[in-house]
Amino acid sequence: MSNVTQALDAGAVAPSRISLRGVQQAIWTNGLLAAAAWAAAALVTVALPDVVPWGSSGLFAAITTAAAVAFAVLAFVVNRLPRLGAGAVHYGPWLIAIGVWLALWELTTAKFGWLPKPFFSPPHGLLNVYVTETLRLLTCIGYTLRLWSLGFASGIVVGYAVGVALGWSKRFSYWGMPILKLIGPVPATAWIPCTFFFFPTTFAASVFIVALASGIPVTILTSSGVASVNRSYYDVGRNLGAGDWYLVSRIAIPASLPHVFVGLFMGLYYSFAVLVVAEMLGAKYGLGWYIQFQTAYSGYANVYATLIIMALLCAGIVKLLFVARDRLLSWQKGFI
Amino acid sequence: MAAAGPAALQVVPRQRAQSVAVDIRGVSHAFDLAGTQLAVLESIDLSVAAGEFVALLGPSGCGKSTLLRLVSGLDRPSVGSITADGLPVEGPDPSRILVFQDPTLFPWAKVWNNVATGLDARGVLAQERSRVDAALELVGLTGFSGAYPHQLSGGMAQRAALARALVNDPALLLLDEPLGKLDSLTRLTLQAELVALWLKAQFTAILVTHDVEEALLLASRVIVLSERPAHIKAEFRVERPYPRHRDDPRLIALRRQVLATLGHEI
């Protein structure tokens, strides 16, 4: 067991090793550099005027200043904060890079206008979107999460059940596999015309599109996972008195789980990719709808701001799925 | 057997005969390989008495393992009949358990659950949980019930596979080169343990091996099989008391004879 937990903690080992080096230095140099970079970004934002006003520049400068102060303080106390300190030291180079990036971004967009409005937005332009559109964006996040979770959940449940049946039953596979091979490569969005006919509401049609995008990879990988289970495991099961149901539920399903997770990750990315299109189908809210709406009005800052939200949502859900996988597949650690 | 019986496995009363007589009559078997028939066994006749330990010895790929699979009931012979205590073998049954060369433990389940598989599959685990602990104790894995198979050494994994078989109280244990992949020291230890388990539990045992010394140390009878398609070439009785020692001069003499029989083939 201890091996497993050690392996699970492997990610945490790297920062603590770096922090050992940090202990020898009284001052965290990267922290000071990061503070300088973020302070520069703040200074650029307030000291130079915008070519075209974007709003929220004061708030942006305040946030970057606060970050600079925090990094400066951390630079002196980092050794006294074991957990936070180790994390900060590990990400030190990133913090510097982000500070420099923000300063350059400010200069090239708002301050010098080399990358002009409306095609580009300075960081405080994006911040301004979050400030002025808070309620609308929150509503859109809620609607998108509702559509995504209904679509993804129904897609993977059906996809998983069909995948197990395809992988296990020869007859099911005889009829199902050719159909799956035919339907699989068709983009989920190509079904939009039919969905309008088959589904009572446009929301149900959107859910179906998301479900299809997430369900197909889960089906394909589950079926190949179940079909490729080591035959000796079934021999062992049958020899020990197991019936068909036991062979499926206790051998085929756990043995195929690593494949299933690959399918889940693929399904997750596909489902996010079709969200925008699915929200074209007469949706009134949602991040995809908002992106299209703002694109039509050249509100590119709003588009970028929304894309960042979508990316963070997707990354967050991927992270959750990784946690679930590491928990369910901890038995696999020895094989990786 | 009450006094000499396996104390650990008697926690729960035995449910079936402790050993079984196996009768193999005129068994031939062929595999269908892309349309051509590959004959692997040719009219095998073999009777194994209840409680006997028989070793099947033969060159690699001669069909020894196929014969074990047929006796276990996992496969059916093309020709001939196999009976256990007079009843035809028509499918796998937990009273006749095959132990493979690879431990084939389920990697997703902890050792305890692996050992419990047979009881769980037959729906009797709730009443017989103590048998699992007893079987783990019998093979010396008590401390590893919570480990995953990948955390075990080769020898420990094979012990766990033995416990998974023994927990079902098999009347017939079919051993398909179970020590074949172990290092030589672990192999020696497990050979001794296997004999001790057999003496205690008194099941019938059929061991497939290509190690002459192993066959002579463990079995009361050694059957030498020919190259594929395998037929029985010779039979040796090993009438030496257990535990046996590899430097026993009678065993060494016997070993020379067996090797000579095999030598014509190699």
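## Exercises on strands and a chain contact

In strand β2 of chain B, the residue B:Q37 is the bridge partner of B:D32. This is a predicted model, in which local features need pLDDT of at least 70, side-chain atom pairs count only at pLDDT 80 or more, and totals for chains, interfaces and linings use all residues. Residues are numbered from 1 along each chain as its sequence is written, while chains are lettered from A and ligands numbered from 1 in the order in which they are written.

**Exercise 1.** Find the strand order of the open sheet of 4 strands in chain B, and its edge strands.

*Solution.* Start with the terms: strands are DSSP runs of E of at least two residues, and helices are runs of H or I of at least four, both numbered from the N terminus. Two strands pair if DSSP finds at least two bridges between them. Next, look at β1 (residues 22-33) of chain B, which pairs with β2(B) in the antiparallel sense over 9 bridges. Now extend the view: the order is β2-β1-β4-β5 (chain B), with antiparallel pairing. Finally, β2 (36-48) and β5 (87-88) of chain B are the edge strands, as each pairs on one side only.

**Exercise 2.** Decide whether strand β8 (residues 204-209) of chain B is largely enclosed, and explain why.

*Solution.* First, the rule: a residue is buried if 20 or more other C-beta atoms, placed from the backbone, lie within 10 Å of its own, exposed if 12 or fewer, and partly exposed in between. Then count: 6 of the 6 residues of β8(B) are buried, so the strand is largely enclosed by the rest of the structure. Check each face too: B:T204, B:I206 and B:V208 lie on one side, B:A205, B:L207 and B:T209 on the other, and all are buried. In a regular strand the side chains alternate between the two faces of the sheet.

Now for the neighbours. β3 (residues 53-57) of chain B pairs with β8(B) in the parallel sense over 5 bridges, and B:F53 has B:A205 as its bridge partner. Strand β7 (residues 172-176) of chain B also runs parallel to β8(B), joined by 5 bridges.

**Exercise 3.** Describe the side of chain A that touches chain B.

*Solution.* Residues are in contact if their C-beta atoms, placed from the backbone, lie within 7 Å. Begin with the totals: 20 residues come from chain A and 22 residues from chain B. On chain A, α1 (2-8), α11 (231-239) and α12 (244-278) each supply at least two residues. The largest share, 7 residues, belongs to α11(A).

Key: Two residues are in contact if their C-beta atoms, placed from the backbone, lie within 7 Å.
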